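Here is a short note for someone opening this structure for the first time. Please read the numbered points with the model on screen.

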Amino acid sequence: MTKRFSTTDLRNFCIVKSGNTGKTSLTESILYYAGVTTRKGSVEEGNTVTDFNEDEIERKISINLSVASFEYKNKKLNLIDTPGYADFIGEVYASVAVCEIGVLVIDADSGLDAGGENIWEILSENKKSTIIFINKLDKSHIDLESVIKKIETSFEIKMTPINFVAETGQDVDSYIDLISLKKIKVTNDKITEEPISIDEDIKKVREKMIESVASCDDALIEKYLDGKEIQETELMAGLRDGFKKRKIFPVIFGSGLNSIGINTLLDFIVQYGPEPEVDKDSKEPLLLIFKTTSEPGMGQMNYARLYSGEISSGMDL
Ligand SMILES: Nc1nc2c(ncn2[C@@H]2O[C@H](COP(=O)(O)OP(=O)(O)OP(=O)(O)O)[C@@H](O)[C@H]2O)c(=O)[nH]1
Ligand SMILES: [Mg+2]
């Protein structure tokens, strides 16, 4: 029997941005670390979970939105990998409509482009909680400072750092999770956690995170400006509330290919992501069919998001 989850234990998120920033590869990493798959597929080899259709495999791009549901730390996560090319923008609108959280993937190498700004507009208009994932940190000569500056100026926001990568480039194999203050190390796709000694660089960037969370809450900013210590529970509550209300825009630095930032992304979604909004008072099923596909051997498939009531197999709708 399928395990039942209450609404509070559900998280719906979509992975969005313009073409080629690594959304499908990031999805592969997520599914691998969530224990859904036993190996990471690649877009080049045409064996990813979410680019499964013939045209997608041949062209090595995503064409359709693609849903993956899985369990992670006792929550049920519904992920939608979306295509980046402008021709398929309808898939992005449909995905954003049914998710509370958008993960905007930016290629650290090529930076923010017009397509990315367009997706940001869609997330903003729909008031979706947004995580910015700066990807491909395994590439050489990345100028993170200028990528961050461009994003903050174009989107008119101040981002809240959730992790810290000391050195970028092809050997990037570890990072610091600023919430748990642990070092996450990746060796041959295996992740280990180590405690850290806090140096000046980490102190500075963690302080930036605390200041950014405090500045969204009157009581917290007063405490912060008075030089009083912000408690862990206050920080967590501030993050959750600010993220939900789009006052806080967390930024996670990573590399889908080298598995950097993946666990921090999933942990953030589980711990701080808003649960789906549903009408608990209504028993009538209200659902939105956001995608209909027809795959050889599978027949017609409808993907729906439920807003009230319950549905079960065999039910006439
Ligand atoms: N160096 C590096 N390359 C990456 C990374 N992630 C993806 N790529 C490469 O970037 C290219 C595009 O990757 P995809 O995962 O298909 O990107 P996408 O955003 O899903 O592309 P569309 O769905 O077509 O918009 C492929 O050649 C990947 O191998 C990464 O973390 N580092
Ligand atoms: Mg893709």
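1. Start at lysine 136. This residue sits in the loop between strand 5 (129-135) and helix 5 (144-155). Its phi is positive, about 65°, although lysine 136 is not a glycine. Is lysine 136 buried or exposed? Lysine 136 is buried, because 25 other C-beta atoms lie within 10 Å and the cut-off for buried is 20 or more. Keep in mind throughout that this is a predicted model.

2. Now take asparagine 74. It too is not a glycine, and it has a positive phi of about 65°. Its loop runs between strand 2 (66-72) and strand 3 (75-81). Asparagine 74 counts as exposed, because 9 other C-beta atoms lie within 10 Å of its own and the cut-off for exposed is 12 or fewer.

3. Strand 1 deserves a look next. It spans residues 10-16 and is mostly covered, with six of its seven residues buried. Which strands does it pair with? One is strand 3: the two run parallel and share six bridges. Asparagine 12 stands opposite asparagine 78 of strand 3. Another is strand 4 (residues 101-107), again in the parallel sense, over four bridges. There, cysteine 14 has glycine 102 of strand 4 as its bridge partner.

4. Two helix pairs can be checked by eye. Two packed helices are described by the angle between their axes and the distance between the axes. Helix 3 (residues 89-98) and helix 4 (residues 114-125) have axes that come within 10 Å and cross at roughly 35°. Their crossing is right-handed. Helix 3 brings Val92, Tyr93 and Val96 to the contact, and helix 4 brings Ile119, Ile122 and Leu123. The contact of helix 3 with helix 4 has six nonpolar residues, no polar and no charged ones.

5. The second pair is helix 6 (residues 200-214) with helix 8 (residues 232-244). Their axes are 9 Å apart and the packing angle is about 65°. Helix 6 passes helix 8 in a left-handed crossing. From helix 6 come Ile210, Val213 and Ala214; they meet Leu235, Gly238, Leu239 and Gly242 of helix 8. By class, this contact of helix 6 with helix 8 has five nonpolar, two polar and no charged residues.

6. In one of them, serine 174 has lysine 185 of strand 9 as its partner.

7. Stay in strand 9 for lysine 182, which is found there. It is partly exposed, because 17 other C-beta atoms lie within 10 Å, a count in between the cut-offs of 12 or fewer for exposed and 20 or more for buried. Leaving out residues up to four places away in sequence, lysine 182 touches Asp177, Glu193, Glu194, Pro195 and Ile196. Lysine 182 and tyrosine 32 are 150 residues apart in sequence, and their C-alpha atoms are 21 Å apart in space.

8. Strand 12 (residues 286-295) has 10 residues, and the number buried is one, so strand 12 lies largely in the open. Nine bridges join strand 12 to strand 13 (residues 299-308), and the two run antiparallel. Threonine 293 has methionine 301 of strand 13 as its bridge partner. Three residues lie between the two strands of this hairpin, and glycine 297 in the turn has a positive phi of about 85°.

Terms used: Residues numbered from 1 in each chain as written. Chains lettered and ligands numbered in written order. Predicted model: local features only at pLDDT ≥ 70, side-chain atom pairs only at ≥ 80, totals over all residues. Pairing = 2+ DSSP bridges. Axes fitted to C-alpha atoms, helices over the stretch in contact; angles between N-to-C directions. Left-handed = near helix turned anticlockwise from the far one by under 90°. Contact = placed C-beta atoms within 7 Å. Nonpolar A, V, L, I, M, F, W, Y, C, P; charged D, E, K, R; others polar.
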